[in-house]
Amino acid sequence: MRGIAVAAIALTSVMSMAACAKDSGSTTSSGGSSGTSASGCKLADKPPAAAASSSTAGSADKVDGSALKVGLAYDIGGRGDASFNDSAAAGLDKAKTELGLKADAVKELTAAPNEAEDAKQTRLRQLATEGYNPIVAVGFAYAESLKVVAPQFPDVKFAIVDGAVDGATNVTPLVFAEEQGSFLVGVIAAYQSKACHVGFVGGVEIPLIQKFEAGYAQGAKAAAPDIKIEKKYLTPAGDFTGFQDPAKGQVVGQGQIEAGADVLYHASGASGKGVFAAAKAGNVKAIGVDSDQYNQATVAESKDVIISSMLKRVDVAVFDFVKAVAKKDLASLPKVFDLKVDGVGYATSGGKIDADLAAVLEGYKAQIIAGKITVSDKPSS
């Protein structure tokens, strides 16, 4: 970390450069020509305009789930993390409303940071023993425990978000194309940056979170090939406190701002609260993850700097799974929740995404859905 004085000089320099770029840059014209954003980024050609609709609409059929008892085993942070777990909670809440789940027929339990593996097994076993069926395990960290618990309860239908359990026929994987949604917010970052310099803060350096990094970097560079990208993870693989450490998120976010980044994207769970705090203190912009974080009460004090969020629709997956169980039709679920089924996307709350940028985003989205752009799920370096 640089000292306070050096940080102030660096930030002043970045702001001055941004102001000059804003004064001298030209807005990209319509019709696919390249140009310079309000920030000074040299922008690539716009993608072709999207057709009227580039995603598949969900089914509106009515399903009665009032006979179900549904259990949710959250990852660390639980309901109220303003991110991944809250998205799962939103899917459960929707199931209560639209499928008629009874208030006393739902149970939610939450993991502790770096807990022993047998604690996860106990949590899943408790829900199954108490008659909850289906049960959703929120997070890949439950995969090993499900290998043990699922065979013990063959009549219980389990699902796992971000994971799979080979050979367990009663465990449904709910997986996402995080890299596709992250590509789109990478485009947003490139168009919104005032320094052509952006940052990525990951919670834990594992393949799942690297998907967010990979898509974000690819999208930013597709929109602005010369853009500079900072990246840092809060903890290494195996140390999952990186998803629950706002103080460390703030320190890392501040460091990226001092390095010159003026748009920060985080994929760090509850640690993102600290990233937002750093963005607000540094007078830069931020992009949330999983839920529409502009509308999350737990980060309301930072909402003015949140320009978008990468929507990982865990809410859609949880709701669709519960609905499929109620219908006795698990085969109807998609193999991957991607852009085509609105499993990932981007938020527009707050009015920071204007019509011109929205058209660009929809153009890229259409190309990804059509297979004209393949988004990597692994960082390039």
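In this predicted model, strands E8 and E9 run parallel and are joined by eight bridges. One of the residue pairs across them is valine 204 with threonine 235, the latter lying in E9. Strand E8 covers residues 197-205. Eight of its nine residues are buried, so E8 is largely enclosed by the rest of the structure.

**The six-stranded sheet**

E8 and E9 belong to an open sheet of six strands. The order across this sheet is E9-E8-E10-E11-E12-E13, and the pairing is mixed. Which strands stand at the edges? They are E9 (228-236) and E13 (344-346); each has a single partner strand, so one side of each is left without a neighbour in the sheet. On average, neighbouring strands of this sheet are turned by 15° against each other, direction ignored.

Further along the order, E11 (residues 285-290) pairs with E12 (residues 306-312) in the parallel sense, over five bridges. Here valine 289 stands opposite methionine 310, a residue of E12.

Helix H6 lies across E8, E9, E10 (263-267), E11 and E12. Its direction is at about 170° to that of E8.

Glutamate 213 is found in this helix. Is glutamate 213 buried or exposed? Its relative accessible area is 7%, and the cut-off for buried is under 20%, so glutamate 213 counts as buried. Leaving aside neighbours within four places in sequence, glutamate 213 is in contact with Phe200, Lys231, Tyr233, Pro379 and Ser381.

**Two helix pairs**

Two packed helices are described by the angle between their axes and the distance between the axes. The table gives these values for two pairs.

| Helix pair | Residues | Angle | Axis distance |
|---|---|---|---|
| H5 and H6 | 178-192 and 207-223 | about 40° | 6 Å |
| H7 and H8 | 246-258 and 272-281 | about 40° | 6 Å |

With this angle, H5 and H6 are therefore oblique to each other. Their crossing is right-handed. On the H5 side, the contact is made by Glu178, Glu179, Ser182, Phe183, Val185, Gly186, Val187, Ala189, Ala190 and Tyr191. On the H6 side, the contact is made by Leu208, Lys211, Phe212, Gly215, Tyr216, Gln218, Gly219, Ala220, Ala222 and Ala223. Sorted by class, the contact of H5 with H6 has 12 nonpolar, five polar and three charged residues.

H7 and H8 are therefore oblique to each other too, given their angle. H7 passes H8 in a right-handed crossing. From H7, the residues that meet H8 are Pro246, Gly249, Gln250, Gly253, Gln254 and Ile257. Their counterparts in H8 are Lys273, Gly274, Val275, Ala277, Ala278 and Ala279. How do the residues of this contact divide by class, and how many are charged? Six are nonpolar, five are polar and one is charged.

**Valine 375**

Valine 375 is found in the segment after helix H10 (355-369). At 11% relative accessibility, valine 375 counts as buried. Not counting residues up to four places away in sequence, valine 375 touches Glu179, Gln180, Phe183, Gly215, Gln218 and Ile368. Among these, Glu179 and Phe183 are also in the H5 part of the contact between H5 and H6, while Gly215 and Gln218 are in the H6 part. Valine 375 and tyrosine 216 are 159 residues apart in sequence, and their C-alpha atoms are 9.6 Å apart in space.

**The five-stranded sheet**

The model also has an open sheet of five strands, in the order E4-E3-E5-E6-E7, with parallel pairing. E4 (106-110) and E7 (171-174) stand at the edges of this sheet. Each of these two has a single partner strand, so one side of each is left without a neighbour in the sheet. Neighbouring strands are turned by 20° against each other on average, direction ignored.

E7 pairs with E6 (residues 158-161) in the parallel sense over four bridges. In E7, threonine 172 is the bridge partner of alanine 159.

Which helices lie across strands of this sheet? Helix H2 (residues 84-99) lies across E3 (70-74), E4 and E6, running at about 170° to E3. Helix H3 (residues 117-129) lies across E3, E4, E5 (135-137) and E6, and runs at about 170° to E4.

Key. Residues are numbered from 1 along each chain as its sequence is written. This is a predicted model: local features need pLDDT of at least 70, side-chain atom pairs count only at pLDDT 80 or more; totals for chains, interfaces and linings use all residues. Side-chain values use heavy atoms; hydrogens and water are left out. Axes are lines fitted to C-alpha atoms, for helices over the stretch in contact, and angles run from 0 to 180 degrees between N-to-C directions. Angles under 35 degrees count as roughly parallel, over 145 as roughly antiparallel, 65 to 115 as roughly perpendicular and the rest as oblique. A crossing is left-handed if the near helix is turned anticlockwise from the far one by less than a right angle, and right-handed if clockwise. Contact means heavy atoms within 4.5 Å. Ala, Val, Leu, Ile, Met, Phe, Trp, Tyr, Cys and Pro count as nonpolar, Asp, Glu, Lys and Arg as charged, and the others, Gly among them, as polar. Two strands pair if DSSP finds at least two bridges between them. Buried means under 20% relative accessible area, exposed over 50%, partly exposed in between (1.4 Å probe, protein chains only).
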